[in-house]
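Here is a report on selected local features of one protein model.

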Amino acid sequence: MTSCNGESTKIAARTHRKLDLIRSLPGQPKQRPGFKQYGGYVTVDVSSGRSLYYYFAEAATKPDSKPLILWLNGGPGCSSLLGAMVEIGPFGVNPDGKSLYPRRFAWNKVANTLFLESPAGVGFSYSNSSADYKKSGDKRTGHYIPELMDVILEKNAIRVKGIMIGNGLINQATDDKGVIDFLWTHALISDEVYQQLRKNGSSPAFDLGKIDQYNIYAPLCNSSRSGKARRPRMAYDPCELDYIGSYLNLPVVQEALHANRTKLPYTWEICSSLVGSNWDFKHTPSTMFPIYRRLMSSRLRILLYSGDVDSVVPVTSTRYSIAAMGLRVKKPWSPWYGGDSDEVAGYRVIYDGLSFATIRGAGHMVPQSKPSRAFALLFKFLTSDDI
């Protein structure tokens, strides 16, 4: 009986894999990519009809011998297809919103990459029960990934080698202090506002002006440039988020991805307004310290990294939070090198329990703003015990 059930499971898995195989994406470069792509749904709760959408890109070479990376975007309620199309996936979207370009520093060059849209209501993921949309607790990456790893390690369900968390929230008190200090030290707020924030935790309304708070020195998207047929020569395109929204809402693209088969009553969004409006603040933990301590005691490899020009979850917040954990320093603060130049890529410090690295000149979405340095950091994490 066991043998029969096992064989049936294998047959079902092969059938599912065949059905989810993406033959080609609309607008994909004519040259064959040399790796397989899959997309489809995983039903996680049959009774409520809750299904999560995934996109999987095999490693470009020898996928059977390469590690698997599960990529999750935070938000709350932001789609991991944002990570696939803008940050680390094999293809990016051109300004025409219809065609794709190959990403030079795609992470599937060194690993198999899996992108999961979660929870239900994010992207193409859905539930047939409205109650599921009202259960949305904290889904920010800084909380979501440690919580997920905590459950996996408790159940001993999957062999996990390590986690990387970029510009993630850790501990509210130190995170908030870090934001205030970052804004002032980067000349974004006045001395008077700074003093009021430090003293009271709040101040009269202040205006940072027209800047990208996730990447404070980056240019803003100019609507007249968005939609042009050619990508700009600069590596960073501030309008890229517009392109992927156009692309992923094309019916022909959704058909190729095996997505939106139930014809959802809303369009694909980068960050779900449905999930955001039902976000449960009351059940959001104020700190991840207890979970981090459990993860560190398990000897799980942990790398926290920060783009150093993000003002939303800035490098100062992460440094204050790590300092509050009182970890012993094993290797002191020093520059690290990598990427497509011989310049300093960032700085790093190794603690007893976790590592921390900055990526110089990167914003909140590190692989988008500094792709070569993000790729170099990933490679170090995958191939070495040090960074």
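## Charges over rings

R319 places its charged end over the ring of W333, 4.2 Å from the ring centre. This is a predicted model.

## Aromatic pairs around W333

A pair of aromatic rings is described by the distance of the centres and the angle of the planes. The model holds 12 aromatic pairs. One of them joins W333 and Y347. The two rings are stacked, with 5.9 Å from centre to centre and 5° between the planes. This pair links distant parts of the chain. W333 belongs to strand β10 (residues 329–337), Y347 to strand β11 (residues 344–351), and 14 residues separate them. W333 is partly exposed, at a relative accessible area of 37%. Y347 is partly exposed as well, at 29%.

W333 also pairs with F356. Their ring centres are 6.4 Å apart. The planes meet at 35°, so this pair counts as tilted; stacking would need planes under 30 degrees apart. F356 sits in strand β12 (residues 355–359) and W333 in β10, so the contact ties together parts that are 23 residues apart in sequence. F356 is buried, with a relative accessible area of 1%.

Elsewhere, ring pairs join Y41, Y53, Y54, F124 and Y126 into a cluster.

Strands β10 and β11 pair in the antiparallel sense. Six bridges connect them. Within this pairing, V329 stands opposite Y351 of β11. The hairpin has six residues between its strands. G339 takes a positive phi there, near 100°.

## The five-strand sheet

Strands of a sheet pair through backbone hydrogen bonds, either parallel or antiparallel. Where do β10 and β11 fall in the strand order of the open sheet? The order is β8-β9-β12-β11-β10, and the pairing is mixed. Which strands stand at the edges? They are β8 (162–166) and β10. Each has a single partner strand, so one side of each is left without a neighbour in the sheet. On average, neighbouring strands are turned by 15° against each other, direction ignored.

Strand β9 (residues 301–307) runs parallel to β12. Five bridges join the two. S306 stands opposite T358 of β12. Helix α10 (residues 289–297) lies across β8 and β9. The helix runs at about 130° to β9.

## K66 in its loop

K66 is found in the loop between β3 (50–57) and β4 (68–71). Is this residue buried, partly exposed or exposed? Its relative accessibility is 25%, so K66 counts as partly exposed; a buried residue would be under 20%.

Which residues does K66 touch, leaving aside its neighbours within four places in sequence? The contacts are A59, T61, K109, V110, A111 and N112. The side chain of K66 reaches the backbone oxygen of T61 at 2.9 Å. N112 is 46 residues from K66 in sequence. In space, their C-alpha atoms are 6.4 Å apart.

How values were computed. Residues are numbered from 1 along each chain as its sequence is written. This is a predicted model: local features need pLDDT of at least 70, side-chain atom pairs count only at pLDDT 80 or more; totals for chains, interfaces and linings use all residues. Side-chain values use heavy atoms; hydrogens and water are left out. Rings of Phe, Tyr and Trp (its six-membered ring) pair if their centres lie within 6.5 Å; planes under 30 degrees apart count as stacked, over 60 as edge-to-face and the rest as tilted. Helices (H or I, at least four residues) and strands (E, at least two) are DSSP runs, numbered from the N terminus. Buried means under 20% relative accessible area, exposed over 50%, partly exposed in between (1.4 Å probe, protein chains only). A charge sits over a ring if NZ of Lys or CZ of Arg is within 6 Å of the ring centre and within 35 degrees of the ring normal. Two strands pair if DSSP finds at least two bridges between them. Contact means heavy atoms within 4.5 Å. A polar contact is a pair of N or O atoms within 3.5 Å; within protein, one must be able to donate a hydrogen and the other to accept it, and residues adjacent in sequence count only if both atoms are side-chain atoms. Axes are lines fitted to C-alpha atoms, for helices over the stretch in contact, and angles run from 0 to 180 degrees between N-to-C directions.
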